[in-house]
Amino acid sequence: QLQASGGGLVQAGESLRLSCAASGRTFAKNYMGWFRQAPGKERELVAAISWSGLNTGYADSAKGRFTISRDNAKNTVYLQMNSLKPDDTAVYYCAAREVPYRDYGDWGFWGQGTLVTVSS
């Protein structure tokens, strides 16, 4: 139901934009997030956005470099990643909160992940 795309191999300092498209149902009323998991590390929340798009939050590692946004008409969430670093190398996943309008609770819906590799 969630399909992440846009990953790839880039050099340090370059940019990528990830997309997360929903199908089969709408997530326009759900908080959405981008997670990442690097090899040997736990999955971490990178950025989240409210259902309206008015509220966003970022991990310290993403602040000032990443921007999360959404287009509810297209049922799509984006993660613009600038000034990428080798430490950003990970599989990136999009997810949706299970209950509409809530910014807490289970992330009940997950995409399949897209690999981002940043070379130095």
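Mentor: Strands here are DSSP runs of E with at least two residues, helices are runs of H or I with at least four, and both are numbered from the N terminus; two strands pair if DSSP finds at least two bridges between them. The model is a predicted one, in which local features need pLDDT of at least 70 and side-chain atom pairs count only at pLDDT 80 or more, whereas totals for chains, interfaces and linings use all residues. Residues are numbered from 1 along each chain as its sequence is written, and side-chain values use heavy atoms, with hydrogens and water left out.

Let us take β5 and its surroundings as the part to examine. In the hairpin that β5 forms with β6, six residues separate the strands, and glycine 53 has a positive phi near 85 degrees. The pairing of β5 and β6 is antiparallel and runs over three bridges, with threonine 56 of β6 standing opposite isoleucine 49. Serine 50 belongs to the loop between these two strands, and it counts as buried because its relative accessibility is 1%, where buried means under 20% relative accessible area, exposed over 50% and partly exposed in between, for a 1.4 Å probe and protein chains only. Beyond four places in sequence, serine 50 touches Tyr31, Asn55 and Arg70, a contact being heavy atoms within 4.5 Å.

With β4, too, β5 forms a hairpin, again with six residues between the strands, and glycine 40 in that turn has a positive phi of about 80 degrees. Five bridges join β4 and β5, in the antiparallel sense, and alanine 47 in β5 is the bridge partner of tryptophan 34.

A nonpolar core is a set of buried Ala, Val, Leu, Ile, Met, Phe, Trp, Tyr and Cys residues joined through side-chain atoms within 4.5 Å. The largest one here has 28 residues, and Trp34 and Leu79 are among those with the most contacts inside it. Both β4 and β5 are among the strands that each supply at least two residues of this core. Leucine 79 touches both Trp34 and Ala47, and its other contacts beyond four places in sequence include Phe66, Ile68 and Tyr92. Apart from this core lies another, of five residues, among them Ala48, Tyr93, Ala95 and Trp107.

Two of those residues, Tyr93 and Trp107, also join Phe35 and Trp110 in a cluster linked by ring pairs. Rings of Phe, Tyr and Trp (its six-membered ring) pair if their centres lie within 6.5 Å, and planes under 30 degrees apart count as stacked, over 60 as edge-to-face and the rest as tilted. Five aromatic pairs occur in the structure; one of them is the edge-to-face pair of phenylalanine 35 and tryptophan 107, at 5.2 Å centre to centre and 85 degrees between the planes. Because phenylalanine 35 lies in strand β4 and tryptophan 107 in strand β10, this pair ties together parts that are 72 residues apart in sequence. Phenylalanine 35 is buried, with a relative accessible area of 8%, and tryptophan 107 is buried as well, at 17%. Tyrosine 93 and tryptophan 110 form another edge-to-face pair, 6.5 Å centre to centre and 80 degrees between the planes. Finally, the charged end of arginine 43 sits over the ring of tyrosine 93, 4.0 Å from its centre, the criterion being CZ of Arg or NZ of Lys within 6 Å of the ring centre and within 35 degrees of the ring normal.
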